[in-house]
Amino acid sequence: MTKLAIVDYHAGNLASVRKAFEHLGHETVITEDPGLVRRTRRLVVPGVGHFTATQRLTEVGLREAIREALAQGASFLGICVGMQWMFESSTEAPGVPGLGLFRGEVEKFSSRVKSPHVGWNQIEMLAPSRLLAGVPSGAFVYYTHSYRVPVMEATVAKTDYGTPFTGVVERANLFGVQFHPEKSGQAGLRILDNFAMLEDAA
Amino acid sequence: MLTKRIIACLDCSRGRVVKGVQFMNLRDAGDPAELAAAHAEAGADEIVLLDISATHEGRGTLVSTVRHTARVLFVPFTVGGGIRTLRDAAAIFDAGADKITINSGAVADPSLITQIAERFGSQAVVVAIDAKRLATDVNRPPTRQGSSETHQGHDADLASSHNLLGDAEVYVSGGRKPTGRLLFPWAKEAESRGAGEILFTSMDRDGTREGFDCELTAAVERVVSIPVIASGGAGSIEHFIEVFRDGHADAALAASIFHFGIHSIGDLKREIQAAGIAMRWPV
């Protein structure tokens, strides 16, 4: 059984995510093997760029493998596009289905704000969160994205950019962050450490 | 809310930081990894590493320098200097950079912007533009040519920028070679080809410590809709306040002001925040 795996679907800089976990003392494996993913207890799905890239997850059997792992009680952390994929769809890529763990659609920022949203912004807690244990409300994290999920029932932390949007989504053992914890200094490292240190549900 | 960013820049040659010799408390003030980590610890929002060695050997060292430096950084890390092909960029990303910056390489082959953006995402591509004003008097205040209400959108800003300032010419090769290209159209073209950010350096101000060129920076900010990083001329805390307030820059980059310990990043951010500009502070 693999402890912590970072899923590689050819969409972005996995090395930074791995480097951050390993700096914290957590062994990780980077994989695109559905067999390995199925047996993993903690899955991390990162991602930068376009939502269309998530299609590969379906094409190579990783989507199914992730579902099976989750059915067996694995924990899941989606980062940036990886977090967006946890929802049903994105207006950035009509017709490309997300994993559908949460209801709702990913949308572009309104044209009233400069896009992409790039830089350090604050997360404000809306509800208790295991992922954010020890991270103060108002902590700064690093964002770089043009699409986002509005605040919804599973949002545990929001960020304001024009209007509020979901910074962190969490329900049971499912976690998603729109920002890049591997690029967010000490606050980000704490978040990754919290995920790696979760007690096994099963 | 989204904060303005302070970016610390390290100029490197053959794996060593140049101009970095007086930073206190470092075992090795020329080591890019140590210096980058120190700046990040002190509050730098991002680190930029520019390879200024002009040689082919320099490029090989750059990849290992990037790998060595990235290992200890958990804030965004941008690398540039001599990137001319997609393959050059890929090697730099593979070594741990989050973004790359291209300057001469983009002017020589503008399709490079798109190639890198399509493979790694626009957010990873910073197009650096060095420009020098063509107007004779750098300090001439802008004269209003009339309202821009009759125009729509960015074309109006392009027109009004021209009217107010005269043109600025783009330079490459460390600001030595004029290209015949003009600043505003090139910035717009870079954006349309997929650049995620523009890093604008005023050749007139670079090295002078007399302040950023706020007027020209604001003009660039008007013609593009992506973030603009201001560079060139930082000499005091007030200059940073000005470039955010008057230059409308999203971020400001500086090198020697931090290296010599003249101003700590902490003091800088505290004062900028006190002036009413949103900063990530305390870190």
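## Surroundings of Gly78(A)

Beyond its neighbours within four places in sequence, Gly78(A) is in contact with Val45(A), Met83(A), Trp85(A), Met86(A) and Gly176(A); two residues are in contact if their C-beta atoms, placed from the backbone, lie within 7 Å. Gly78(A) belongs to strand S4 of chain A, residues 75-79. Helices (H or I, at least four residues) and strands (E, at least two) are DSSP runs, numbered from the N terminus.

Gly78(A) counts as buried because it has 27 C-beta neighbours inside 10 Å. A residue is buried if 20 or more other C-beta atoms lie within 10 Å of its own, exposed if 12 or fewer, and partly exposed in between. Val169(A) stands 91 residues from Gly78(A) in sequence, with 9.4 Å between their C-alpha atoms.

## Basis and confidence of the model

This is a predicted model, in which local features need pLDDT of at least 70 and side-chain atom pairs count only at pLDDT 80 or more, while totals for chains, interfaces and linings use all residues. Residues are numbered from 1 along each chain as its sequence is written, and chains are lettered from A and ligands numbered from 1 in the order in which they are written.

The model scores ipTM 0.92 and pTM 0.91. Chain B has a mean pLDDT of 86, with 82% of its residues at 70 or more; pLDDT is the predictor's confidence in each residue, from 0 to 100. Over residues 142-153 of chain B, pLDDT stays under 50. Where pLDDT is low, the predicted coordinates should not be read in detail.

## Interface of chains A and B

In the model, 25 residues of chain A are in contact with 21 residues of chain B. On the side of chain A that touches chain B, S7(A) supplies the largest share, 5 residues.
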